[in-house]
Amino acid sequence: MAFQNIGFLGCGNMGGALARACAKRTKHILLSNRTPAKAEALAAELGCQAAGNRDVAQQCDLIFLGVKPQMMSALLAELAPGLKARQDRFVLVSMAAGLTIETIRAMAGDDYPVIRIMPNTPAAIGEGMILYCAEGVMPEEKTAFVDVMQAAGSFDELGENLIDAGSAVSGCGPAFVYPFIEAMADGAVACGLPRAKAQLYAAQTLVGAARLVLESGDHPGALKDAVCSPGGSTIQGVRALEQNGFRSAVMETVIAAYEKTAALGKQ
């Protein structure tokens, strides 16, 4: 099967990134946004159509709910009558941090099929890590969802009880990685390297190191050890990281993001 019409309610950074990925597979897309001009601009860019919230709710069989958690209740209250009146099948896709499938269904007023996703911003260039879980969704619908969105990056199905923990790594993670790249570049600039080269070297080093973890299957600690020659420069750099609590800081960062996400679902 394939979804015939796909709608995006919200065209912000994440919704826009996913819409761009989707547009590489189909142009049967309706875009809606609180600021209509943003949806219209994106529709012109992608060669699809801008519409209103109710049009998306009534016409699309895959509906992305791309609004912030605190806005979800109002959005679904607006859409509920139109969704209830439909006789055909459709699937809701929520990307709201902290909101469970049960909560989304309660807000929408029925036990609709729901896919809950936790994407990240690298989806904008096809390098996203998108976690998802689903309730009431047929296997062929999950397959069709991954197929139409595959240009966004890698997908992994995860139990909903682990989605918040996974999101604290992949969803929030880019914001943790960027300061590290910036800090590495700053250190190189302090050593005399031109800024542009320092940023290039730092960013590409992270890309290459991450790819080596994925492709080798080796433990990151083993790959670290392979770079650290006895009495060499690298182990002294690692020592400085440890002296400044690097690993503890990173662990606490992920835990803080997880705890905040869990709290969002209780508000």
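Which residues does S167 touch, not counting residues up to four places away in sequence? In this predicted model, the residues in contact with S167 beyond that sequence range are M118, L131 and C172. S167 itself is part of helix α7, which covers residues 160–170. Its relative accessibility is 5%, and S167 therefore counts as buried.

C172, one of the residues touched by S167, is partly exposed, because its relative accessible area is 25%. The cysteine sulfur closest to that of C172 belongs to C133 and lies 16 Å away, which is too far for a bond. With a relative accessibility of 17%, C48 falls under the 20% limit and so counts as buried. Its closest cysteine sulfur, that of C11, is found at 8.3 Å, again too far for a bond, given that a disulfide requires sulfur atoms within 2.5 Å. The count of disulfides in the model comes to 0.

The nonpolar interior was considered next. In soluble globular proteins, nonpolar side chains tend to be buried together. In the present model, the largest nonpolar core comprises 35 residues, of which L18, L31, F64, I117 and F145 touch the most other members. The greatest contribution to this core comes from helix α1 (residues 13–22), which supplies 6 residues.

When residues up to four places away in sequence are left aside, F64 touches I6, G7, F8, L9, L18, V93, M95, I117, F145 and M149.

At the level of the whole protein, 12 helices and 8 strands are present. The C-alpha trace spans about 70 × 35 × 30 Å along its principal axes. The chain has 267 residues, and 37% of them count as buried. Among contacts with a separation of 6 or more, 59% are between residues 24 or more positions apart. The accessible surface amounts to about 14400 Å², with carbon and sulfur atoms accounting for 56% of this area. The protein carries 22 positive and 26 negative charges, whose mean positions are 5 Å apart.

How values were computed: Residues numbered from 1 in each chain as written. Predicted model: local features only at pLDDT ≥ 70, side-chain atom pairs only at ≥ 80, totals over all residues. Heavy atoms only, no water. Core = buried A, V, L, I, M, F, W, Y, C linked by side-chain atoms within 4.5 Å. Buried < 20%, exposed > 50% of the residue type's maximum accessible area, 1.4 Å probe, protein only. Helix = DSSP H or I, 4+ residues; strand = E, 2+ residues; numbered from the N terminus. Contact = heavy atoms within 4.5 Å. Areas by Shrake-Rupley, 256 points an atom, 1.4 Å probe, with all protein chains shown as cover. Lys, Arg positive; Asp, Glu negative; His and termini not counted. Charge placed at Lys NZ, Arg CZ, Asp CG, Glu CD.
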